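Hi,

Here is the structure we talked about. Have a look, and my notes follow below.

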Amino acid sequence: HEYKVIGWTFSATLRQTFDYSMYPFDQKTVRLHFWHREFDRAVILVPDLASNEVTSQSTLLGIEDRMVMPGWTLEASYFGVRDASYDTDFGIKGYVGRVDFPELYFSVRIVRDFRNALITNVIPLIVVAVMLFGLISMMEDDRAEKIGFTFLEGLGVTSGLFFVVLLSHIDLRKELSQDLIYLEVFYFLMYFVILGVSVIAYRMARDATTEG
C-alpha cells in the first residue's frame, strides 16, 4: 500500500464553547477537527505517530515544550479518530464522507490554575465578610453611641462594600459569559448579608431614637 506523510504549518484563531459551571476547578478539552483539502474524496487522515517521541514523563503529544498558557496547566494531548455523519452531501454527488466516515481530531486537555481565581474572587469576599462582622460588632457595642455612630454612617459603609462586591461580580461575568456558575452563590449570599446588616443598622438606629 502506498501512503504519503504530509506536514502542515498553520496558525488560526479558534472559538469553542466551554462549560464554566465548575469554575475555578474546571478543566477543558480543546479539539481541532481536521479535514483534507479534497474532502469530497475518500481520504482518511492518520497522524504519523511513529515520528513522535513520547516518554513516560510526558503525555503532551504534538505540543511544544516552551508553550505557555497563563492561568492554565497543560495536562495531556492526543489524537483520535471518530466516525462522523452529516445530513448533507455539501452539493457533491456521491460524497463518500456522509455516513460513518472516520475523521481526525487533535485534543488538548487543560486544567485551570485555581489560585488566580482564589486571589481575585474569593479573598475580596472574605475581606468584605470580616468588615461586615466588625461593623455589626461595633453597632451592638455600647460604645457605638459614645463615638456618635449613626445609621447613615453604617449605610455608607455597607453601600461601599456592596459596590466592591458588585464590581467583582461584574468582572467575573464578563470573563466567563456563562449562565450561572457555583462561585456566584457566594456573591448572592454576600448581597443578602449586606442587606441584612443594613436592616439591622436601621432597626438599631430606630430603637435608639424611640428610647431617646
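Helices (H or I, at least four residues) and strands (E, at least two) are DSSP runs, numbered from the N terminus. This is a predicted model, so local features need pLDDT of at least 70 and side-chain atom pairs pLDDT 80 or more, while totals for chains, interfaces and linings use all residues. Residues are numbered from 1 along each chain as its sequence is written, and side-chain values use heavy atoms, with hydrogens and water left out.

α1 has the largest share, six residues. The patch covers about 1000 Å², with F114, I123 and F186 among its members. (Patch residues have over 30% relative accessible area and no salt bridge, and nonpolar side chains, meaning Val, Leu, Ile, Met, Phe, Trp and Tyr, are joined within 5 Å; a salt bridge is a Lys or Arg side-chain nitrogen within 4 Å of an Asp or Glu carboxyl oxygen.) I119, another member, sits in α1 and counts as exposed because its relative accessibility is 55%, the cut-off being over 50% with a 1.4 Å probe and protein chains only.

(A cavity is a set of points on a 1 Å grid where a 1.4 Å probe fits but cannot get out; lining residues have an atom within 4 Å of a point.) Its lining has 16 residues, with W35, H36, V43, F101 and E103 nearest the centre. Strand β3 (residues 101-112) supplies the largest share, four.

Cheers

Note on methods
On a 1 Å grid over the protein atoms alone, a cavity is a set of points where a 1.4 Å probe fits but cannot get out, and a pocket is an open set with protein on both sides within 12 Å along at least five of seven lines; lining residues have an atom within 4 Å of a point. Patches are made of residues with over 30% relative accessible area and no salt bridge: like charges are joined within 9 Å, nonpolar side chains (Val, Leu, Ile, Met, Phe, Trp, Tyr) within 5 Å. Accessible areas come from the Shrake-Rupley method with a 1.4 Å probe; for residues, only the protein chains shown count as cover. Buried means under 20% relative accessible area, exposed over 50%, partly exposed in between (1.4 Å probe, protein chains only).
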